[in-house]
Amino acid sequence: DTSVPWQKEGYEYRWYYQPGKEYKVWVRRKLDNGTEQVIIDENLLAQGHEYFSLGDWDISPDNGYLAYSIDTDGSERSIIKIKNLTTQEYLEDELIDAAGSVLFSQDSQSLIYSLLEKDKWRTLSVNVHKLGTKQNQDKVLVTEDDEAFFLGFDLTSSEQYLILTTGDSDRTEVSVVSMADLNQTPKMLNTREQNFKLEVDHGNGYFYMLSNDTHVNFRIAKSKDNQIQYEQWQTVFAGSDTSYFKALQVFNDFIVIGQSIQGIESISILSNEGESHQISLPEKVANVSLGANPEFSQKLVRIRYESMITPDSVYDYDVFSKTLNLRKSRTIPSGYDKSQFQTERIMADARDGTKVPITIVYKKGFKKDASRPLYLYAYGAYGIGLEPNFSTTRLSLLERGFAFAYAHVRGGDEMGYQWYLDGKLDKRTNTFNDFVDVAEHLIDAGYVAKGNISIEGASAGGELMGAVVNQAPDLWRSVNLAVPFVDVLNTMLDATLPLTPPEWSEWGNPLVSKEIFESIQSYSPYDNIQAKAYPPMLVTGGLNDPRVTYWEPVKW
């Protein structure tokens, strides 16, 4: 397999897999000659490690240095290494306890990274490391003292500003500092006390904001980069009950906006002249997102696209001719005929009257007479929606007569940001009830018989599995709980665990409220085990998982 190439700073980049190898090889070549240079061979870096993951990498603006982060035990605590691409020698600099992201300064002489607290999976600060110096001499750009907040950084599309973001699941605080002078004090765009979510990009003299300050489904605003005070923000697109703004990227000639309209994903283009249009996509129900678009001045927009029946694909969209050019579609080695499969989106009535979307795929000829098995998957937390995607492993089920379905339960953001809010804290049980009601709907509609539904969820989705197994064990044929968060109450009661304080905004803090304690206790899977018949279950845990500690699924 190989990627579609992309260009940046006079080079063309791509990755590929060598036959029989486990990991990617990353290469680049100068645009004026055809000689490819290997910059990262993950197979070599992985040698001698039982576990290996490449976190992030960056090439310095002068094209002379490579920095990358690796995790070799699954703890998501990375080591950063720096290599001279001319001599192919590593610098003595080796940064430890890093969160993973790496970014070179404009002069190519410093590296920006996030430092993790020693005994906790929490970003302590965003630092600037000058090449050739000791890590303990690094400049601290910003710190975060609140243990409930996550801290991170990003580069604007214009590459003129560094974005510094801290926040929890309910609010973010954003400051910016010029990449031309990292010694400046960061300037605030908003404060945590204003209590809203914010994402920021920059280009053509303006900051562009994606913010839910005036509407739950976010608005798009802008401000001149020398007038960033909140009162000076100008609305570009107001928030809407039907259109949910999810992403934006600024280019030299236009802005790309990712949005969801009544649960259907789309991408729109806004020109600098103020005209906008929506990209016409091959299918109505699909997973569409921005791909690798590293250059501010590029004229094409790279898009990633897939659906339940369309393998993941890469398109280049010509903004000015409004044409979509397919650059790559995933090859299925065992063979795949799209015409043999069918997908549909239906709605189920939850017990409180809410309409819950279901996305289903099956092989043509599937009979809705309750004679076939069905595999039902859900997540439903943190505002992370399940998008219609393609899976090669799922084909094995479909070929053997299964239908496969996503239950788009509350707790995700499939139907807007309120969909997320209606599945968290004291509304958490909506998520579990939605899942059971989706299953009942599929039974009533003849897709499957009661007791013949196999279900799966991971992490917070594993918590969902534990809850619905307790609530309606007779509905399920089998249950796959992957690294499941099943000991919710005990975990939220233990403030010494590294990720408990940040999670209180999602689940509630039972240490401060009897009502919150009893609410979590009412559904926490571990606290509601009973002496009754349960379906067969596969339960897995990760030894170094920083989110769901391995003893949770073990003791459950």
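**Reading sheets, helices and cores**

Tutor: Start with a sheet. Four-stranded and open, this one runs in the order β16-β17-β18-β19, and its pairing is antiparallel. Keep in mind that the model is predicted.

Student: Which strands stand at the edges of this sheet?

Tutor: Look for strands that pair on one side only. Here they are β16 (198–203) and β19 (234–237). Neighbouring strands are also turned against each other, by 30° on average with direction ignored.

Student: How many bridges join β16 to β17?

Tutor: There are 6 bridges between β16 and β17 (residues 206–211), and the two strands run antiparallel. Met209 in β17 stands opposite Val200.

Student: Where is there another open sheet of 4 strands?

Tutor: Go to β12, β13, β14 and β15, which form an open sheet in that order with antiparallel pairing. Its edges are β12 (150–155) and β15 (187–188). Each has a single partner strand, so one side of each has no neighbour in the sheet. Inside the order, β13 (residues 161–167) and β14 (residues 172–178) are joined by 7 bridges and run antiparallel.

Student: Is strand β9 largely enclosed or left open, and why?

Tutor: Count its buried residues. Buried means under 20% relative accessible area. In β9 (residues 110–116), 7 of the 7 residues are buried, so the rest of the structure largely encloses this strand.

Student: Which way do the residues of β9 point?

Tutor: Sort them into two sets. Ser110, Ile112, Ser114 and Leu116 point one way, while Leu111, Tyr113 and Leu115 point the other way. Both sets are buried.

Student: Which strands are joined to β9 by bridges?

Tutor: Take them in turn. β8 (residues 89–104) is joined to β9 by 4 bridges, and the two run antiparallel. Val102 has Tyr113 in β9 as its bridge partner. β10 (residues 123–130) is joined to β9 by 7 bridges, again antiparallel. There, Ile112 has Val128 in β10 as its partner.

Student: How many residues lie in the hairpin that joins β9 to β10?

Tutor: That hairpin has 6 residues. The hairpin of β8 and β9 has 5 residues between the strands. In it, Ser108 takes a positive phi near 65°.

Student: Which residue is 8.4 Å from Ser108, C-alpha to C-alpha?

Tutor: Asn63. In sequence, Asn63 and Ser108 are 45 residues apart. Always compare sequence with space. Asn63 sits in the loop between β5 (53–59) and β6 (65–71).

Student: Is Asn63 buried or exposed?

Tutor: Use the same cut-off, under 20%. Asn63 has a relative accessible area of 16%, so Asn63 is buried. Leaving aside neighbours within four places in sequence, Asn63 is in contact with Glu9, Tyr11, Tyr13, Arg28 and Leu85.

Student: At what angle do α4 and α5 pack?

Tutor: For two helices, read the angle and the axis distance. α4 and α5 (residues 460–471) pack at about 65°, with axes 9 Å apart. The crossing is right-handed. From α4, the contact uses Thr431, Phe432, Asn433, Phe435 and Val436. From α5, it uses Glu463, Leu464, Met465, Ala467, Val468 and Gln471. By class, the contact has 7 nonpolar, 3 polar and 1 charged residues.

Student: Which residues touch the most other members of the largest nonpolar core?

Tutor: They are Leu376, Phe435, Leu442 and Trp476, in a core of 65 residues. Helix α4 (residues 429–444) gives this core its largest share, 7 residues. Apart from this core lies another, of 16 residues, including Ile39, Ala46, Phe52 and Leu54.

Student: What does Leu442 touch?

Tutor: Set aside residues up to four places away in sequence. Leu442 then touches Ile346, Ile358, Ile360, Leu374, Leu376, Ala405, Tyr447 and Val448.

Student: Why is helix α7 largely enclosed?

Tutor: Count again. In α7 (residues 500–507), 7 of the 8 residues are buried, so the rest of the structure largely encloses this helix. The buried residues are Thr500, Pro501, Pro502, Glu503, Ser505, Glu506 and Trp507. Their cover includes β12, α3 (417–421), α5, α6 (488–493) and α8 (514–523). After α7 comes Gly508, with a positive phi near 105°.

How values were computed. Residues are numbered from 1 along each chain as its sequence is written. This is a predicted model: local features need pLDDT of at least 70, side-chain atom pairs count only at pLDDT 80 or more; totals for chains, interfaces and linings use all residues. Side-chain values use heavy atoms; hydrogens and water are left out. A nonpolar core is a set of buried Ala, Val, Leu, Ile, Met, Phe, Trp, Tyr and Cys residues joined through side-chain atoms within 4.5 Å. Buried means under 20% relative accessible area, exposed over 50%, partly exposed in between (1.4 Å probe, protein chains only). Contact means heavy atoms within 4.5 Å. Two strands pair if DSSP finds at least two bridges between them. Axes are lines fitted to C-alpha atoms, for helices over the stretch in contact, and angles run from 0 to 180 degrees between N-to-C directions. A crossing is left-handed if the near helix is turned anticlockwise from the far one by less than a right angle, and right-handed if clockwise. Ala, Val, Leu, Ile, Met, Phe, Trp, Tyr, Cys and Pro count as nonpolar, Asp, Glu, Lys and Arg as charged, and the others, Gly among them, as polar.
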